[in-house]
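Here are my notes on the model, written as numbered points. Please read them with the structure open.

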Amino acid sequence: MEAWRALLDFYGPLFFRLLEIHGAIPIREASPIVRKMLAELTANGFERLRASSRQSEREFLGDLRALLLGVALDSVTSQKSEVQRTGAFETEKVARLLDGLPLLHKEMLFFRLAGYGENSLERVMRLSPRVAEKAFERLVEEYQAVRQNEQDRCPWPAAWLAFLKQARALKTEECTPAHGIVRIQDGQVSWYDKEPVEKHVSGCLHCLEAWTGLREVGYWRRAADPLCASQIAQLLEAIPLEKPPAKKKSLFERLRS
Ligand SMILES: [Zn+2]
C-alpha cells in the first residue's frame with residue numbers, strides 16, 4: 001500500500017491536470033475518474049499494470065494517460081450534453097487540418113485543440129507558441145473556439161477524447177514505440193536516426209498522439225499542484241489490496257479490555 005501511496009503522491013496531480021485540460025473536468029469532480037482508472041489498472045490480479053511498459057517512468061505514465069483518458073471519455077459522454085462535433089474531429093479531418101505543417105507546428109496545433117492556453121503551451125514546449133502562429137491561423141470555423149482560449153480547458157471534451165481514442169487505435173507495425181519517442185524528446189538520438197522517426201510521427205495520428213502525450217506527462221509529472229493526504233487516502237480505496245490482518249492483542253491489552 002505504501003508503494004501506491006507514493007505513486008499517487010508523485011503522479012496523482014498529473015492525472016487531475018490531464019482530466020482538467022483534455023476532459024474539462026474540474027479537480028473536485030475528477031476523483032471518481034481517477035479511482036476508476038486505478039480500479040481498471042489493478043483489476044484481474046493487476047493484469048493491466050503488469051502489461052504496461054516499465055522501461056521508463058515516462059512510458060509508464062504514457063500508458064496510464066491513455067487508460068485515464070479512455071475512462072474520462074466514458075464519463076464525459078454520459079454526463080455532458082455537448083453539441084455533437086464528431087464531424088470536426090474525424091481522424092481524416094484532423095489529418096487535413098495538420099497536413100503539410102512541420103512536426104513542431106503540428107504538435108502545437110494538437111495541444112491547442114486539446115485545450116492548452118498559450119502560457120501552458122509555452123511551458124510544456126519550452127518554446128514560444130508564437131513560432132506556430134501561422135499554423136494557428138488554420139483554427140477557423142468549427143475550431144475557432146481555441147484561438148482565444150487561455151483556461152487550459154478543452155472546449156469540446158467529448159469529441160476530443162473520442163478523437164484521441166480513435167487516434168490510439170490507428171497503430172500499425174511501422175509505428176514508433178514509446179521508448180523511441182522518449183529518447184528523441186530527451187535528445188539522446190542523432191539527427192541521422194531521428195529523422196525517419198520524426199517523419200513517420202509527422203504523418204501518423206497514432207504516433208502524434210503518443211508523441212504529444214509523452215511530452216505532456218513529462219512536463220506535468222513535475223509541475224502539477226500536489227494532492228492533499230485526504231485526497232490520496234480516498235483514491236487508495238480503489239486499490240484492491242488485502243488489509244493486513246488485525247494485530248493480535250497482547251496479553252496486557254486483553255486483560256484490560
Ligand atoms: Zn505511427
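1. Helix axes are lines fitted to C-alpha atoms over the stretch in contact, and the angle between two of them runs from 0 to 180 degrees between N-to-C directions. With that in hand, take helix 1 (residues 2-22) and helix 2 (residues 27-51): their axes come within 9 Å and cross at roughly 110°. Angles of 65 to 115 degrees count as roughly perpendicular, so helix 1 and helix 2 are roughly perpendicular to each other. The crossing of helix 1 past helix 2 is right-handed.

2. Which residues of helix 1 and helix 2 meet? On the helix 1 side they are F15, F16, L19 and E20, and on the helix 2 side I27, A30, I33 and V34. Sorted by class, this contact holds seven nonpolar residues, no polar ones and one charged residue.

3. A second pair to look at is helix 5 (residues 103-114) with helix 11 (residues 205-223). The axes of these two helices come within 10 Å, and they cross at roughly 75°. Helix 5 and helix 11 are therefore also roughly perpendicular to each other.

4. In the contact between them, helix 5 supplies K106, E107, F110 and F111, while helix 11 supplies L208, W211 and T212. By class there are four nonpolar residues, one polar residue and two charged residues.

5. Now the chain as a whole.

6. The protein chain has 257 residues, and 35% of them count as buried. Consider also the contacts between residues at least 6 apart in sequence: 80% of these join residues at least 24 apart.

7. Keep in mind that this is a predicted model. The mean pLDDT of the protein chain is 90, and 90% of its residues reach 70 or more. Where in the chain is confidence lowest, and where is it highest? The lowest is in helix 13 (residues 251-256), at a mean of 66, and the highest is in helix 5, at 97. Where pLDDT is low, the predicted coordinates should not be read in detail.

Technical notes. Residues are numbered from 1 along each chain as its sequence is written. This is a predicted model: local features need pLDDT of at least 70, side-chain atom pairs count only at pLDDT 80 or more; totals for chains, interfaces and linings use all residues. Helices (H or I, at least four residues) and strands (E, at least two) are DSSP runs, numbered from the N terminus. Angles under 35 degrees count as roughly parallel, over 145 as roughly antiparallel, 65 to 115 as roughly perpendicular and the rest as oblique. Two residues are in contact if their C-beta atoms, placed from the backbone, lie within 7 Å. Ala, Val, Leu, Ile, Met, Phe, Trp, Tyr, Cys and Pro count as nonpolar, Asp, Glu, Lys and Arg as charged, and the others, Gly among them, as polar. A crossing is left-handed if the near helix is turned anticlockwise from the far one by less than a right angle, and right-handed if clockwise. pLDDT is the predictor's confidence in each residue, from 0 to 100. A residue is buried if 20 or more other C-beta atoms lie within 10 Å of its own, exposed if 12 or fewer, and partly exposed in between; C-beta atoms are placed from the backbone.
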